[in-house]
Amino acid sequence: MRYTSRPPKRRLVKKLVVVSIIMVVLLVGATAAVRYTYFQNLKAVSTNSQQAQRITVEKGATVDQIAKQLKDAGLIRSTWAFRLYVSSKEVREQLEAGTYMLEASQSLPEIVSQLTHGKVATDLVTIIPGQRIDQIRTTLQNYGFSKADVDTALNPATYAGNPALVDKPAGVTTLEGYIYPDSYQKNDSTTPQQIIEASLKEMDQKLTPDLRAAFARQGISTYEGLILASIVEQEVSRPSDRAQAAQVFIKRLNIGMPLGSDVTAYYGALIAGKGKTLLYDSPYNTRLHAGLPPTPISNVSTGSLDAVAHPTATDYLYFVAGDDGITHFSHTIQEHEAATAQYCHKLCSE
């Protein structure tokens, strides 16, 4: 009797069928897993309603950039799920630039819907660092607020008892220095008073107990710290130079030397309607009068507040802002005059 083995071709076919079945099973399983993960990532990051975050989508931002921005803010679970959802719904081109208030309790589809159909319902009122109170007044009126409402909003009496103003001397009748520079939400029902209240709340948060204590260690009150910070804000363009400029002013105060600040003299002249001049004799002209001016001369940024609270340990007495944007410091009047001649041509001739 003769025996023969099964043809090799049939064995190969059988193996291919088995491998195909395994691959199909794995593919189905992987697809199911990916699908499950995808739908899990469409859910909200949190089930609890939380304070909304302000997210600004810049003009020209890509889907990848928006996804990363949302993920970094803790508003979505996954960047790839965001990209896949936007692509599958064919709304990539509908994502709109603007500022949105978003919550972690919103699902990814809800967030995408807001970014595509919820065209920003509010505008921003932006108060930039270094603005004087009269410039802020103009800014608010340019946003459509009436002069009467703006006048009320900028009257300190409107905010009696506000914690941000606890250090303001009773005789001071201006909010100069207290309106923190930032962007604030505005809709059709927003009043300028609400904008200023929001800015005062921001300022109160910046004037921490630690900051107040740091001012005290420099031998100045919180209000005096605010005045000095406003001068630093105006005098120094480069943030890294501010703490050193603050050191110069504090040392001058300690030895009874006039601050000699051009920007304070300009401020006094401008608010008196005299134009930008160093010659006008006002209480703000620290070239002519020793000590601090009566009030801040503009709003202030956190950087300037910190600079006054924590000045450098140097002992300079002079500085000049150069045409190159760098502040040049000196110990003596001779060094200062040499630095002025070398670095300040355009600015010092204005």
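In this predicted model, 16 residues line the second largest pocket, and those nearest its centre are Gln 51, Arg 54, Tyr 184, Ala 198 and Glu 202. Two or more lining residues of the second largest pocket come from each of strand 1 (53-57), strand 4 (183-186) and helix 7 (192-206). Helix 7 provides the largest share of this lining, with six residues. The space in the second largest pocket amounts to about 370 Å³.

The largest pocket has a volume of about 990 Å³. Its lining consists of 41 residues, and the closest to the centre are Glu 235, Asp 262, Val 263, Tyr 266 and Ala 321. Several elements give two or more residues to the lining of the largest pocket: helix 9 (222-235), helix 10 (242-254), helix 11 (262-271), strand 5 (318-321), helix 13 (333-343) and helix 14 (346-349). Among the elements, helix 11 supplies the largest share of the lining of the largest pocket, namely five residues.

The composition of each lining is set out below.

| Pocket | Nonpolar residues | Polar residues | Charged residues |
|---|---|---|---|
| Second largest pocket | five nonpolar | seven polar | four charged |

Notes:
Residues numbered from 1 in each chain as written. Predicted model: local features only at pLDDT ≥ 70, side-chain atom pairs only at ≥ 80, totals over all residues. Heavy atoms only, no water. 1 Å grid on protein atoms, 1.4 Å probe; cavity = no way out; pocket = protein on both sides within 12 Å on 5 of 7 lines; lining within 4 Å. Points joined across faces, edges and corners; volume = space filled by probe spheres on them. Helix = DSSP H or I, 4+ residues; strand = E, 2+ residues; numbered from the N terminus. Nonpolar A, V, L, I, M, F, W, Y, C, P; charged D, E, K, R; others polar.
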